[in-house]
Amino acid sequence: VHQLSSAMGRVQLRHYDERCEEIRKAMNYFWDLLEGVPGIRAHRPAKGSGSNMAGWYAARGLYRPEELEGLSVTRFCEAVRAEGGDTSPGLNRPLHLHPLFNTADVYNDGKPTRIANSGRDLRQPPGSLPISEGIGARVFHIPWFKHFRKNIIEEQALAFRKVAENYKELLKDDPGNPPTVGGWHFFPHQTNNR
């Protein structure tokens, strides 16, 4: 880290606790507004546990398709976006399937680096970790509220609520989830800085 970044970081740390508190207040308000909505659950520590999510980096919601007659998380998120909500399905795809761990020849050995110096094939093919490979269909991104702006939080929560409570209208044209949900990055859809 160069000196300017170090100096900026030290100044930012003076405000860290205060800013995290503001983020927690906003994010918890969002989830409080959605408590009891079918198909979605908060991904946060239990109330009164004494734990917190600090700055809520890379915040997610838990999706329960069985409560919405199997509606795909892909179609759910598409509908939430149509209502003005900021979301996308999935999370980081499982790393055991990434080309770096399966086909990349980093050191030009003539075979994938992961097995170049091994006596056996260590790669984990598709289907070898079904829970890891399926979790993307049960998770969605939520807006990252950095400020307690009640009207914006309520507007976003209403979009999620409206879609969940009217899911039956989405079932008929639900194409289902693609074979993999998510991407090899942290924030596939979110662009707003609330």
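Ala54 is located in the loop between S1 and S2; helices (H or I, at least four residues) and strands (E, at least two) are DSSP runs, numbered from the N terminus. Although Ala54 is not a glycine, its phi is positive, at about 50°. The structure is a predicted model, in which local features need pLDDT of at least 70, side-chain atom pairs count only at pLDDT 80 or more, and totals for chains, interfaces and linings use all residues. Residues are numbered from 1 along each chain as its sequence is written, and side-chain values use heavy atoms, with hydrogens and water left out.

Trp56 is also found in the loop between S1 and S2, and its phi, near 55°, is likewise positive in a residue other than glycine. Trp56 counts as buried at 2% relative accessibility, whereas Ala54 is partly exposed at 25%. Buried means under 20% relative accessible area, exposed over 50%, and partly exposed in between (1.4 Å probe, protein chains only).

Helix H2 spans residues 16-33 and reaches 26 Å from its first C-alpha to its last. Its buried residues include Cys20, Ile23, Tyr29 and Phe30. Among the elements covering the buried residues of H2 are strand S4 (139-141) and helix H6 (150-165).

The largest nonpolar core has 32 residues, and Phe30, Phe76 and Phe140 have the most contacts inside it. H2, helix H3 (73-82) and H6 each supply at least two residues of this core. Such a core is a set of buried Ala, Val, Leu, Ile, Met, Phe, Trp, Tyr and Cys residues joined through side-chain atoms within 4.5 Å. Not counting residues up to four places away in sequence, Phe30 touches Ile142, Pro143, Phe145, Ile153, Gln156, Ala157 and Phe160 (contact: heavy atoms within 4.5 Å).

## Salt bridges

The whole structure contains 13 salt bridges, each a side-chain nitrogen of Lys or Arg within 4 Å of a carboxyl oxygen of Asp or Glu. In the bridge between Arg41 and Glu67, the closest N and O atoms are 2.4 Å apart. This pair links distant parts of the chain, with Arg41 in strand S1 and Glu67 in the loop between S2 and H3, 26 residues apart. Arg41 is partly exposed at 32% relative accessibility, as is Glu67 at 29%.

Glu165 and Arg161 meet in a salt bridge at 2.9 Å, N to O. Both residues lie in helix H6, 4 residues apart, about one turn of the helix. Salt bridges that share partners also join Asp32, Glu35, Arg44 and Lys47 into one network.

Notes: The expected span of a helix is 1.5 Å times one less than its number of residues.
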